[in-house]
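I opened my notebook to go through this structure one topic at a time. Here is what I looked up, in order.

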Number of protein chains: 2
Amino acid sequence: MKDSDLPYGIEFTRLKKISHPKGDIFHALKASDTSFKGFGEAYFTTVNVGETKGWKLHQKMVLNLVAILGEVKFHFCNGNSEEVYSFSIGSDNYGRLTVPAGIWVAFSGVGKDINLVLNLASIEHDPNESINAPLERFSVN
Amino acid sequence: MKDSDLPYGIEFTRLKKISHPKGDIFHALKASDTSFKGFGEAYFTTVNVGETKGWKLHQKMVLNLVAILGEVKFHFCNGNSEEVYSFSIGSDNYGRLTVPAGIWVAFSGVGKDINLVLNLASIEHDPNESINAPLERFSVN
């Protein structure tokens, strides 16, 4: 279940929600998934409504991003042009974005309440492998 | 930062929350953590307030459980006696419970809103490696 319209080698994989009367279950990532590129670290990030975090480019880390609550609009740019591609995920469009290394990434909080993202990263956090640029570097819409 | 009062080889590791004006960051698990026993699958489970899910014993899977929202009371029993040990984690006691294979596990929703748990499991879901028992098998308090 890949959405092939995404550029720069980014993949969107729709994920299963399993209803349960005592509380639902939500898939995120399996080691046998083709988008799994190793486990380095899992962490959560939130982004408040109307705020945008970014830009950041990981030189080594592959991101597997799941927005479990709210709605988050991700912005991507490959740096060869100023063109920015945006894609929203969240509880209403539940799935995983797999982002290869070498892509500029920013993300905006859309949902009014908690916008909660899990990143299942292929390597551990290492400030030396990522590059930051100011939010103004590429325009997000 | 281990809490050594937990029985049956279960570990609690307090986790870092990093405040950020645009949205906070929450640690979950790193491959270099001693409680990391391999990556098989990441999935979320919720448990509604007042409900208890269980009992389940994994014969192979090591669980790494993080309650990112709400409050969840986990119940553990080793099956050698009827004694049940309970421990609550959640946004106010933020940390990770590492549960070795061979332990009976149940969990109850305590928070009034969403009680959301991430399991970073050492193997992929396999219905043949787990054993279920009715909630009445061991008494939860």
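What percentage of the contacts in chain A between residues at least 6 apart in sequence join residues at least 24 apart? I looked it up in this predicted model. The figure is 78%.

**Entry: chain A as a whole.** I turned to the secondary structure next. Chain A has zero helices and 12 strands. I then looked at the dimensions. The C-alpha atoms fill a box of roughly 45 × 35 × 30 Å along the principal axes.

**Entry: a sheet across two chains.** I traced an open sheet of seven strands. Its order is β1(A)-β9(A)-β6(A)-β11(A)-β4(A)-β3(B)-β2(B), and the pairing is antiparallel. Why is one side of β1 of chain A and of β2 of chain B left without a neighbour in the sheet? Both strands stand at the edges with a single partner strand each, so one side of each has no neighbour there.

Strand β4 of chain A, residues 41-46, is joined to β3(B) by five bridges, and the two run antiparallel. In β3(B), I25(B) is the bridge partner of T45(A). I25(B) also stands opposite I18(B). β2(B) and β3(B) pair in the antiparallel sense over two bridges.

**Entry: the side of chain B that touches chain A.** I found 29 residues of chain B in contact with 29 residues of chain A. On chain B, β3 (25-30), β4 (41-46) and β11 (116-121) each supply at least two residues of that side. I sorted the residues on the chain B side into 14 nonpolar, eight polar and seven charged.

**Entry: S35(A).** I picked one loop residue. S35(A) sits in the loop between β3 and β4 of chain A. Beyond its neighbours within four places in sequence, S35(A) is in contact with E11(A), T13(A), N64(A), R96(A) and T98(A). I also checked F12(A). S35(A) and F12(A) are 23 residues apart in sequence, and their C-alpha atoms are 9.5 Å apart in space.

Conventions: Residues numbered from 1 in each chain as written. Chains lettered and ligands numbered in written order. Predicted model: local features only at pLDDT ≥ 70, side-chain atom pairs only at ≥ 80, totals over all residues. Contact = placed C-beta atoms within 7 Å. Helix = DSSP H or I, 4+ residues; strand = E, 2+ residues; numbered from the N terminus. Nonpolar A, V, L, I, M, F, W, Y, C, P; charged D, E, K, R; others polar. Pairing = 2+ DSSP bridges.
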